[in-house]
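Open the model in your viewer and keep the sequence panel beside it. We will go stop by stop, selecting as we go.

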Amino acid sequence: MSLVEVGRFARNEAYIVVGRLESEGIMALALDGNASIADGSQFFIPVRVMVDDDDVDGARAILAESA
């Protein structure tokens with residue numbers, strides 16, 4: 001299992017994307033969601049959404065149809 005980035009999003013949007021992918025059966029993970037929360041800059045740091053390398057094509061297709 002190897003994780004691949006499928007996009008970088010604003011913090012709240014990243015968690016919506018994770019939910020969308022998981023609703024389609026693709027396990028997803030949001031990384032950096034709590035980065036720099038102590039200094040108040042968490043909304044300026046993009047959150048990476050990661051999926052398994054076997055699911056990257058399906059995830060990108062779902063994101064493309066949602067755009």
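Start by selecting L3, which sits in strand 1, residues 3–9. Keep in mind that this is a predicted model. Is L3 buried, partly exposed or exposed? Its relative accessibility is 40%, so L3 counts as partly exposed. The limits are under 20% for buried and over 50% for exposed.

Together with L3, they make a nonpolar surface patch of about 350 Å².

**Helix 1**

Move on to helix 1, residues 11–23. Check its length first. At 1.5 Å a residue, its 13 residues should span 18 Å, and the end C-alpha atoms lie 19 Å apart, which agrees.

Next, select R11, A14, V17, V18 and L21. These residues of helix 1 are buried. Look down the axis: the buried residues fall within an arc of 115°, so they line one face of helix 1. An α-helix has 3.6 residues a turn, so residues three or four places apart point the same way.

What does the buried side of helix 1 pack against? Show strand 1, strand 2 (28–31), strand 3 and helix 2: the buried residues of helix 1 pack against these elements.

N12, I16 and S23 are exposed, on the face of helix 1 turned away from its buried side.

Then step past the end of the helix to G25. This glycine follows helix 1 and has a positive phi, near 90°.

**Helix 2**

Select helix 2, residues 56–66. Which of its residues are buried? They are V56, A59, I62 and L63. Their arc around the axis is only 130°, which puts them on the same side of helix 2.

Bring in the neighbours. The buried residues of helix 2 pack against strand 1, helix 1 and strand 3, residues 47–52.

Now color D57, A64 and E65. These residues are exposed, on the other side of helix 2.

**The whole chain**

Zoom out and show everything as a cartoon. Follow them along the sequence and the pattern reads β-α-β-β-α.

Color by burial next. Of the 67 residues in the protein, 34% are buried.

Finish with the contacts. Take those with a separation of 6 or more: 64% of them are between residues 24 or more positions apart.

How values were computed. Residues numbered from 1 in each chain as written. Predicted model: local features only at pLDDT ≥ 70, side-chain atom pairs only at ≥ 80, totals over all residues. Heavy atoms only, no water. Patch = residues over 30% accessible without salt bridge, like charges linked within 9 Å, V, L, I, M, F, W, Y side chains within 5 Å. Areas by Shrake-Rupley, 256 points an atom, 1.4 Å probe, with all protein chains shown as cover. Salt bridge = Lys/Arg side-chain N within 4 Å of Asp/Glu carboxyl O. Helix = DSSP H or I, 4+ residues; strand = E, 2+ residues; numbered from the N terminus. Buried < 20%, exposed > 50% of the residue type's maximum accessible area, 1.4 Å probe, protein only. Arc of directions from axis to C-beta. Contact = heavy atoms within 4.5 Å. Expected span 1.5 Å × (residues − 1).
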